[in-house]
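Subject: Structure for you to look at

Hello,

Please open the structure below and keep it on screen while you read. My notes on what was found follow.

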Amino acid sequence: MFFKKKEPLAGSVEYIVVGLGNSGTKYENTRHNAGFIAVDNLAQKLGVKIDRIKYKSLVTTCKIEDKKVLLMKPSTYMNNSGLAVVEAMNFYKIPPENVIVLFDDISLDVGKMRIRRKGSDGGHNGIKNIIYLSGSDKFPRIKIGVGHKPEKWDLADWVLSRFTDSELGILEETADKAVQAVELMLNGQTDKAMNLFNS
């Protein structure tokens with residue numbers, strides 16, 4: 001159990017946990033929205049709703065491992081994710097090391113997950129924009145596998161395609177693992193999370 005829903009949230013936000021994706025029903029359950037799906041799963045486990053509009057995002061605050069955390073789903077569309085993330089970072093004076101980003105990765109099979117402490121954008125436009133606008137690549141991230149692009153598919157068409165029902169079932173299990181990984185990472189146990197969950 002993470003925390004009691006009615007527990008007062010005193011103090012300032014210490015961490016940001018952001019899932020990347022595209023807003024709107026048009027993009028629901030698409031591969032590019034794996035970050036949204038994982039953060040929604042986290043909110044559900046915590047008994048909170050990500051439904052306040054702030055920092056160009058849907059947000060909520062909660063407690064995880066005794067840390068006050070801002071959960072974010074940017075409304076800027078994927079390629080401008082940094083506009084939302086950096087606005088929240090600046091407001092709360094959060095260093096990059098305290099920002100955990102969850103997002104889709106086409107180099108991993110559906111159901112696989114990979115945790116990194118920092119790193120390049122790897123060709124992901126959302127991560128590229130966050131690095132560019134924050135001036136840092138030192139934010140931990142959880143990559144969620146969405147499957148390799150089929151040979152004759154255009155990349156944009158692939159990441160905006162919807163998961164199959166069976167893939168969504170697998171992704172639900174992956175989202176559960178992502179929740180556990182976030183909990184460990186916020187508790188200073190990133191190495192343990194990497195050992196447990198990296199594919």
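A pocket here is an open set of points on a 1 Å grid over the protein atoms alone, where a 1.4 Å probe fits, with protein on both sides within 12 Å along at least five of seven lines. The volume is the space filled by probe spheres set on the points, which are joined across faces, edges and corners.

This is a predicted model: local features need pLDDT of at least 70, side-chain atom pairs count only at pLDDT 80 or more, and totals for chains, interfaces and linings use all residues. Residues are numbered from 1 along each chain as its sequence is written, and side-chain values use heavy atoms, leaving out hydrogens and water.

H1 has the largest share, with three residues. Helices (H or I, at least four residues) and strands (E, at least two) are DSSP runs, numbered from the N terminus.

The largest pocket has about 490 Å³ of space. Its lining counts 25 residues, and His 32, Asp 104, Gly 123, His 124 and Asn 125 are the closest to the centre. Strand E5 (99-105), strand E7 (141-145) and helix H4 (155-159) each supply two or more lining residues.

Now the sheet. It is open and has seven strands, in the order E2-E3-E4-E1-E5-E7-E6, with mixed pairing. Two strands pair if DSSP finds at least two bridges between them. Which strands stand at the edges? They are E2 (52-54) and E6 (113-116); each has a single partner strand, so one side of each has no neighbour in the sheet. E5 and E7 run parallel, joined by five bridges. Asp 105 stands opposite Gly 145 in E7.

Last, two loop residues. Most residues other than glycine have a negative phi. Asn 29 has a positive phi, near 60 degrees. This residue sits in the loop between E1 and H1. Lys 56 also has a positive phi, of about 55 degrees. Its place is the loop between E2 and E3. Is Lys 56 buried, exposed or partly exposed? Lys 56 is partly exposed, at 45% relative accessible area (buried is under 20%, exposed over 50%, partly exposed in between; 1.4 Å probe, protein chains only).

Best wishes

Key
On a 1 Å grid over the protein atoms alone, a cavity is a set of points where a 1.4 Å probe fits but cannot get out, and a pocket is an open set with protein on both sides within 12 Å along at least five of seven lines; lining residues have an atom within 4 Å of a point.
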